Every structure is written in structure tokens, then in C-alpha cells.
Amino acid sequence: MLRNRRRLVAWLLAGVVLAVVLTLYDADRTGVSDPKAAPSATPSGALPGTQTPAPTGTPSPSATPSPTAPPGTGGPSPSASATACTSPGACGYPDANSTGPRIALERHDTGNMSVKKDGTVIKGWDIRGSLDIYANDVTIIDSRITSTNWWGVNLRPGFSGLKVLHTTITAVPGKGPDNGGVNYAVSNMGGSSIEVGWCDISVFGNALSMGQGDLHDNYVHDLVAFRNQGGEWQHIDAVISGGGNKGRLTIRHNTLLNSTPVDKGATAAVGLFADTGVVSSVVVEDNWLAGGAYALYGGGPGATGIRVTGNVFSTQYHPASGAYGPVTAWNAGGAGNVWKDNRMSDGRPVEPAS
């Protein structure tokens, strides 16, 4: 009898244990399979580790628009009401941040040094003096020149291939022959093209002087008025060409500033003059021009092959860009002369007087 009771109790306990196990199993199984119990972190169709794409048709926030690109810089050509430019750097033109040397410099007190070896490369020099080039294919790059002569770099007749790149060229005001009355940051006395690019140029009265060359991406500014020993104010130009050139002069994407007062010699930001011969084959494209009596002297009655396109005539010194206007001496009837898409920095179109 006692043995039967023990068997019955054992069976009952076994049944209770089995019931508990089945209940726990069912609860655990329900928690895994029910989406409400454990929502998935990965949306349907997305791979683990990827972001869910935004719903189709939902626009993303607009970025802040960049300043209007001036003509010739690769941007759209906006209407006049949308083309106002506030400063050269803000509008994509060269300034102190985009020109001059890109590396540390080592000081060299050269005085007026003559370079006579073909293929010479001057790099990383902080020069106290000037360079007189009597050689071919000379390159001056990533350097600084502080001159007390009447030039910073001068290419002599009969030589070619000069390149002046990523260099600051400045001077001590009033120094040089004739009290600094005639002076050039870079002068091309040769008969072939030279290249001047990404240079920061200041002080010199006629900063870039040449009949042929490739002048691009330079920042010419803070030119200083000079009196010669006779007491006369000398002409001040950011770029000057005297005409009679046989090759092409290209002036492209530079900032050319001439803040000098007219009564102290200011002439132009770009002066194309027929001093030594007819002006021909010149491209003035996509520059920021300001100051002078006129910002641009266009070559005069005999000028041919002059293309002036996509330039900004800035009002930063004078309401008309130059003291007397943006342009003079333009020969509209000259063969190959083109005037197109030039405007004031406030967006007004610029047309030469007829």
C-alpha cells in the first residue's frame, strides 16, 4: 500500500515538472518569433551596415550657394542683376592667399645677380637683390625677391624661356636709377614669350612690362608712385606693353590693381600703348581690373588682333573703375579686335565709347 502511494506521488511530481518545462519552452519560442517582441534594427531590403535610403522624392537640404562665378572661370554666365562681385578673392580671382611661394625660404643676399647658365632653377630663395637673366630656360619658382634695383627680374635681349612662378616680387620704394622713376617687377627685353604665373607683385611702378608673354593668375597690388630726379611723377601701370611686339601677349585671370592717384602718375591696370610700334595680338581675358586714369588702354587707332573678353572692371577705387572710365583707346574697327562679355563688378555691362 505504502509502495503504491510513493509511486503515485512520483508520477504527480513528474507531471508537474513536465508542465513547467513545456510552459517555459512555449514562452521562449513566442518571444523569438513575434515581431512585436524584438523589432529588427535593419529595415526590410537593407543590408546590415548600410544606411536606409531617403524616401524617393524627398529633397535634401540645399547647400549655401557659392559666389557667382565671373565669366571665363567655368561658371554660368548670370544676368547683370546677379553678377555683383565684392572682392577679387571672393569672386575667384587671385589674391594674397593664392599667390606667392608655397614652401619655406632660405635667405640669399644676392645684390644684382646675373644668371648666365642655361636651365638654371632658383627655388626656395628669399632674395635681397634682383636677377638679371642672360640665359635660356631659367625658372624662378617658390621664391621671394625684394629689390633695391629698378627691376626684380629682367630678361635680356637674345634670350628666351624664362618662367617666374609662385614668387613674391616687391621692392624698396624710391630705390634704383633715377630715384626709382622707371622700374619693373618683371621685364621682358627679349624677343620671345615668357611665363609669369601665381605671383604676388607690389611696389614697382610698371609691374609687368613686356610685348609678348603669358601672364596668368597673378596678384598685382599696392603699386607705389615715383618721382624721377627731375621731380616728375612717373607712369604707374600693373601691366604695360609698348607695342611693336612680334609674338602674342596673353593676360588671363589676374587681379590687376592700380590705386595710385591720377595726379601722381596713375595710368592703367592694363596699358596697351603704341609707344614703340603698333599694338597687335593681345588677349585680355577674365581679369579683375581696377584703378588708373582708365582701367584699360586698348592699343589705339592702329591696334589689331586685340581680344578683350570676360573681364570684371572693379569699382573699388573709382565708380567707373578708372578715374575717367573703364576703357579708352579702343579701336572697334581694327582687324580681329573683339570686345565681349565685359562688366563692372556691380554687374553693369561695359562697352567702349564709340
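**Buried, bridged and paired**

Author: Asp346 is partly exposed, with a relative accessible area of 37%. The model is a predicted one.

Reader: Why is Asp346 called partly exposed?

Author: Buried means under 20% relative accessible area and exposed means over 50%, with partly exposed in between. Asp346 has 37%, so it counts as partly exposed. Arg348, at 41%, is partly exposed because this value also lies in between.

Reader: What makes the contact of Arg348 and Asp346 a salt bridge?

Author: A salt bridge needs a side-chain nitrogen of Lys or Arg within 4 Å of a carboxyl oxygen of Asp or Glu. The N to O distance for Arg348 and Asp346 is 2.9 Å, so the pair qualifies. The structure holds six salt bridges.

Reader: How do you know that Asp126 and Arg128 form a salt bridge?

Author: Their side chains meet at 2.5 Å, N to O. The limit is 4 Å, therefore this pair counts as a salt bridge.

Reader: Are Asp126 and Arg128 buried or partly exposed?

Author: Asp126 has a relative accessible area of 15%, which is under 20%, so it is buried.

Reader: What makes Arg156 and Asp132 a salt bridge?

Author: The closest N and O atoms of Arg156 and Asp132 are 2.9 Å apart, and the pair counts because the distance is within 4 Å. This pair links distant parts of the chain, 24 residues apart. Arg156 is in the loop between β6 and β7, whereas Asp132 is in strand β3.

Reader: Why are Arg156 and Asp132 called buried?

Author: Arg156 has 18% relative accessibility, under the 20% cut-off, so it counts as buried. Asp132 has 3%, also under 20%, and is therefore buried.

Reader: What makes β11 and β14 a pair?

Author: They share four bridges, and the requirement is at least two, so they pair, again in the parallel sense. Val203 stands opposite Leu223 in β14.

Reader: Which residues lie nearest the centre of the largest pocket?

Author: Asn188, Ser209, Met210, Gly211 and Gly242 do, out of 18 lining residues. The pocket has a volume of about 300 Å³. Its lining divides into four nonpolar, twelve polar and two charged residues.

Methods: Residues numbered from 1 in each chain as written. Predicted model: local features only at pLDDT ≥ 70, side-chain atom pairs only at ≥ 80, totals over all residues. Heavy atoms only, no water. 1 Å grid on protein atoms, 1.4 Å probe; cavity = no way out; pocket = protein on both sides within 12 Å on 5 of 7 lines; lining within 4 Å. Points joined across faces, edges and corners; volume = space filled by probe spheres on them. Nonpolar A, V, L, I, M, F, W, Y, C, P; charged D, E, K, R; others polar. Buried < 20%, exposed > 50% of the residue type's maximum accessible area, 1.4 Å probe, protein only.
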